[in-house]
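Morning, everyone. I'd like to walk through the pockets and cavities in this one. Have a look at the structure first.

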Amino acid sequence: MDYFPVLKLIALLLLVDLGYAAGNYQTYDQLPKGIDWRRYGYISPVQNQGGCQASWAMSAVGAVEAHLGIKNRRLDQLSVQQLIDCASNYGCGGGWASVAFNYTRDHGIASKTSYPYRAEQSTCSYDPSTSAGRIRSYVTLRYADEKCLAEVVYNIGPVVVHLDSLHDSVLEYKSGIYREEDCRFDMAYLTEAVLVVGFGTDSNYGDYWILKTSFGKNWGENGYMRLARNAGNMCGVATLAQYPIV
Ligand SMILES: *[C@@H]1O[C@H](CO)[C@@H](O)[C@H](O)[C@H]1NC(C)=O
C-alpha cells in the first residue's frame, strides 16, 4: 500500500488546524475553507477615525501591525496619526494605503502610544529615532481575483482592500453578511479602505470576508463587517488589494 497520500493528507490537516503556514508557504493551489486572524493575537483593537477620513492609514497600519506581528510573534501597535500628519498632503481627506506603505518603507513608523491618534491633521512631529516598525515593500494582488485574495489572506496574512462604500446600507449595517446590489467594483468607485482579516462560509448565508473597519467598536459586528465573498467582487473587495512585505 502507498502511504504517501495519507501522509500528505495528515500534513495538510495539521496545517489547516494550525491555521497558517505563513513562513514556509510554497504553492497557491490549495483552496482553504477559511481563517480568522483575530484568533492569533496580531490584530489590534478597531479604532474610530472620528471626523477624519483616515481609513487609508488605519487599514495600512493594521496590515503592518499584523504582518510584523506574524513575523515577530508579538503585536506592537503603531501610529495612524503619524501617517495622517507626515505621509501625504491629504491627511484627513482620504488617500491610498499604498501611500502609507511607501512612507512606512522609507521612514519607519512610531508606536501608537508615542504618536497617538487625534482625528485631525497637524504638523508632522515624527522623530525617526523612535521608529517601532518598518516594511520592505508592498504587493498588489491580481485585479478582481477573489480566489487569489483568499489564498494570500490564508497563507500570508491580512490584506488591505478598498471598497465602494457610499451607500446608506453601509450606515445601516449592524450584523450579518453585507450585500448591496448597487455596489460597483470599478477603481473609480473605491472610497473606503478596510483590512481583510479572514474569511469563511456561513451555512445559511454563504461565503464572506471579515473586514476590520475604522468605524469604532460600536459599529457593525464590534467594528467588523462581514461582506459577501465570491459574489462578483462585491463592492470592489478584490479590485485593489495590497499587503506589506516585512
Ligand atoms: C511606491 O513606491 C513604488 C516604488 O518606489 C512606486 O513605484 C510607486 O509608485 C509608489 N506608490 C505610491 C502610491 O507612491
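Predicted model: local features only at pLDDT ≥ 70, side-chain atom pairs only at ≥ 80, totals over all residues.

Start with the largest pocket. Its volume is about 430 Å³. The lining has 21 residues, and those closest to the centre are Gln53, Ser55, Ser165, Thr191 and Glu192. Which elements supply at least two residues each to that lining? They are α2, residues 55–72, α6, residues 168–172, and β5, residues 192–202. By class, the pocket lining splits into 10 nonpolar, 10 polar and 1 charged.

Now the cavities. How many of 30 Å³ or more turn up in the whole structure? The search finds 3.

The largest cavity has a volume of about 110 Å³. It is lined by 16 residues. Nearest its centre are Gln47, Met58, Ser59, Lys212 and Thr213. The biggest contribution is from α2, with 5 residues. The classes here are 8 nonpolar, 6 polar and 2 charged.

On to the second largest cavity. Its volume is about 90 Å³. There are 14 lining residues, with Leu163, Ser165, Val170, Phe215 and Met225 nearest the centre. The elements giving two or more residues are β5 and β7, the latter spanning 224–228. This lining divides into 10 nonpolar, 2 polar and 2 charged.

How values were computed
Residues numbered from 1 in each chain as written. Heavy atoms only, no water. 1 Å grid on protein atoms, 1.4 Å probe; cavity = no way out; pocket = protein on both sides within 12 Å on 5 of 7 lines; lining within 4 Å. Points joined across faces, edges and corners; volume = space filled by probe spheres on them. Helix = DSSP H or I, 4+ residues; strand = E, 2+ residues; numbered from the N terminus. Nonpolar A, V, L, I, M, F, W, Y, C, P; charged D, E, K, R; others polar.
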